[in-house]
Amino acid sequence: MMNTHKMQAYASELATALAAVHAASLITARVQAALVPTTDAIAKVDKSPVTVADFAAQAVVSYYLAQSPDTRATSFKVVVAIREGMLHVPAAGAVQPNEWLDLIDRASSARNPPACRQAGFLRHQQFAVCLALLEDNQVKVGVLGCPNLSSNNTDKSSQTAVGTTGTMFWAVKGQGAWQMDLSHAPDEYLQHSTRISTTSPTGVASPIMLESYESSHSNHELSSSIAAHLNITSAPMRMDSQCKYAQVARGQGHLYLRILRDVEYKERIWDHAAGSLIVTEAGGKVTDLVGEELKFKPSGALDENVGIVATGGGSEWHDKVLEAVRLDQGVAPYLQVAKRVAAARTSKM
């Protein structure tokens with residue numbers, strides 16, 4: 001428990017983010033429990049589904065950010081998952097229906113894009129409400145709300161049944177990574193948060209690899225080939241959203257590998273900002289397929305990176321994973337793209 005000291009840097013921003021993600025997580029869980037799969041779903045540009053609950057969560061987050069006395073909170077990149085139930089948001093009872101619509105419009109702008117991955121939401125499985133504060137292209141604060149992910153660190157199941165209390169994960173750069181049961185109020189995080197850390201696969205019979213549930217979000221065959229190079233014999237843990245980062249951060253997975261089938265695909269910062277900070281602060285490492293640090297830029301795209309490798313247990317394991325990636329023939333097209341990106345970056349210097 002973190003009841004022996006008080007966070008200093010970014011304390012105000014963290015408090016705002018925790019309150020926003022906590023409220024949005026409760027709403028999304030309530031909507032998911034009553035939602036008929038695929039009802040009210042629409043397609044997003046990146047082909048992942050969006051539900052009406054998407055907009056509810058965005059409106060809630062916008063509400064909390066607007067109430068923040070710290071102007072830096074407006075720099076948060078809203079990455080939320082999920083109209084119904086939003087009048088139940090604590091301290092938001094005075095907001096009128098037309099004002100909620102304004103908040104939805106604001107949250108759905110290009111500056112604050114919708115939720116990252118909601119396929120799991122529609123399947124009544126894993127999804128995440130995510131919020132990250134970027135300054136100077138660096139993630140300073142990251143919060144994940146995972147309503148269907150148990151706070152039990154010994155539960156290594158990939159799909160927790162709907163109805164669990166859920167867990168919130170958070171990190172501030174330089175202050176470690178933490179988790180808290182969603183049953184606690186967000187302003188009680190100092191009393192109820194537990195520090196989390198990644199684990200090394202050393203001595204483990206078969207490291208645990210995580211990847212996206214949807215095959216459209218991950219090249220499962222290529223991931224399997226890389227896993228073989230690493231002597232990973234256990235089946236991968238597949239789940240949606242940034243919950244995968246949370247699993248690595250608290251030692252319930254050793255490797256999160258993300259390689260899409262489209263070699264030209266550019267990852268979006270809102271799919272990785274919060275989770276990557278939480279893993280890093282938990283002692284892990286996050287890079288692209290060639291070992292480059294993720295470059296979060298105002299454009300919203302990780303256009304200087306190719307793929308994602310997130311590991312726990314220190315640099316030695318991460319380097320071993322990168323070597324396995326490099327040696328796999330199936331990765332060659334991705335490495336060519338990375339080489340081209342690196343050349344373009346060099347030419348701009």
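Predicted model: local features only at pLDDT ≥ 70, side-chain atom pairs only at ≥ 80, totals over all residues.
Colleague: How many aromatic pairs does a search of the whole structure find?

Modeller: A pair of aromatic rings is described by the distance of the centres and the angle of the planes. Rings of Phe, Tyr and Trp (its six-membered ring) pair if their centres lie within 6.5 Å; planes under 30 degrees apart count as stacked, over 60 as edge-to-face and the rest as tilted. The search of the whole structure finds three aromatic pairs. The ring centres of W170 and W178 are 5.8 Å apart and the planes lie at 15 degrees, so this pair is stacked. Y245 and Y256 form an edge-to-face pair, with 5.0 Å centre to centre and 90 degrees between the planes. Y245 belongs to helix α7 (residues 243-249) and Y256 to strand β11 (residues 255-258), so their pair ties together parts that are 11 residues apart in sequence. Helices (H or I, at least four residues) and strands (E, at least two) are DSSP runs, numbered from the N terminus. Both Y245 and Y256 are buried.

Colleague: Which residues do ring pairs link into a cluster?

Modeller: The cluster consists of W170, W178 and Y189.

Colleague: Which residues touch the most other members of the largest nonpolar core?

Modeller: A nonpolar core is a set of buried Ala, Val, Leu, Ile, Met, Phe, Trp, Tyr and Cys residues joined through side-chain atoms within 4.5 Å. The largest nonpolar core holds 36 residues, of which L144, F169, I278 and F296 touch the most other members. Two or more residues of this core come from each of β4 (129-135), β5, β6 (167-172), α7, α8 and β13 (308-311). Domain 1 (11-195) and domain 2 (209-347) each give this core at least three residues; the domain bounds come from an automatic or database domain assignment.

Terms used: Residues numbered from 1 in each chain as written. Heavy atoms only, no water. Buried < 20%, exposed > 50% of the residue type's maximum accessible area, 1.4 Å probe, protein only.
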